[in-house]
Amino acid sequence: AHRGVPSPSALDGVPVEVQVTGEISAIDPPVRPRERRLSPSAGVNAAGRFDRPVPIGGSTGNGNEVFYRLLSCSAGTLGARLAGSNGKVYALSNNHVYAVENLGQIGDPAIQPGPADLEFTCLSLDPGDKIGALAAFVPINFSRGRATNTVDAAIAEVSTGTVGTGTPPDGYGAPGSTTVTAFVGLAVQKYGRTTNLTHG
C-alpha cells in the first residue's frame, strides 16, 4: 500500500490483503562466496555450472557486472529460451540480472553460472562461461516519485548450442509451446536458481 492511496478491496475478484511496509528500494548485493543450492530430490545444484547447452532455470548473469557495481556481484535465473521473429535465439532473464539495473551495455557477455556463483570469485571469468551477449532490456525507472515499471526484463542473444529449452533433471522438463489463457487460480510452476522447482 502507498501512503494516501486507497487500496482496492479485491483484484479480479480475489480479496486483497493490505500489508503496510517501509519504502522498498533496490540494493546492491554484497560479494559473497559461492553458495551450494541442492535440490533434495535429485542433488542438482541450480547455482552450479551446467554442460552446454545449459538448461533454463539455472544460474546466469552479466560477465561485466563486477565493473559496473564496483567489485560487487550477483546472479539470477535464466528464465527461458526464446525464438525471435528475426531467426535469432535469446535467453530471457531480468534487467537486474543481464543489464545490471540499466548499467549494462549491449554486447556485454551473458555467462553461466552467474558472477556470484563462479568457482572462485566474480573476477575469475573463463571464456567458457560465456553463453551469449546482452541484446536488449527494458529500462527500470528508479525515480523516487510514482515510477511505473511493468516488467524487469532483458534478453541475451545465444545459440541452440549454448542454451537448451528444458529444465535441470529435477525440473518439469521443457515448457509447452501452446499458450493457455491465464485465470485466477491457474496452477503454475517455475524453476529458479535459488529455489529449484516450485509450484503455486
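**Notebook: core, patch and salt bridges**

I started at leucine 11 and found this residue in strand E1 (residues 10-11). For elements I use DSSP runs numbered from the N terminus, with helices (H or I) of at least four residues and strands (E) of at least two.

A note on the source: this is a predicted model, where local features need pLDDT of at least 70, side-chain atom pairs count only at pLDDT 80 or more, and totals for chains, interfaces and linings use all residues. Residues are numbered from 1 along each chain as its sequence is written, and side-chain values use heavy atoms, with hydrogens and water left out.

**Surface patch**

Is leucine 11 buried or exposed? I read a relative accessible area of 57%, so leucine 11 is exposed (buried is under 20%, exposed over 50%, partly exposed in between, with a 1.4 Å probe and protein chains only).

**Core**

Next I looked up the largest nonpolar core, which has 19 residues; Leu78, Tyr98, Ile131, Val158 and Val163 touch the most other members. Strands E6 (89-93), E8 (130-137) and E9 (154-158) and helix H2 (95-99) each give two or more residues to this core. Such a core is a set of buried Ala, Val, Leu, Ile, Met, Phe, Trp, Tyr and Cys residues joined through side-chain atoms within 4.5 Å.

Leaving aside neighbours within four places in sequence, I found isoleucine 131 in contact with residues including Leu78, Tyr98, Val158 and Val163 (contact means heavy atoms within 4.5 Å).

**Salt bridges**

How many salt bridges are there? I count five, taking a side-chain nitrogen of Lys or Arg within 4 Å of a carboxyl oxygen of Asp or Glu.

Aspartate 129 pairs with arginine 49, the closest N and O atoms being 3.5 Å apart. This pair links distant parts of the chain, 80 residues apart. Aspartate 129 is buried at 6% relative accessible area, whereas arginine 49 is partly exposed at 46%.

Arginine 193 and aspartate 117 come to 2.6 Å between closest N and O atoms, and are 76 residues apart in the chain. I find arginine 193 buried at 4% and aspartate 117 buried at 0%.

Arginine 69 bridges to glutamate 65 at 2.7 Å, and Glu65, Arg69 and Glu101 are linked in a network of salt bridges.
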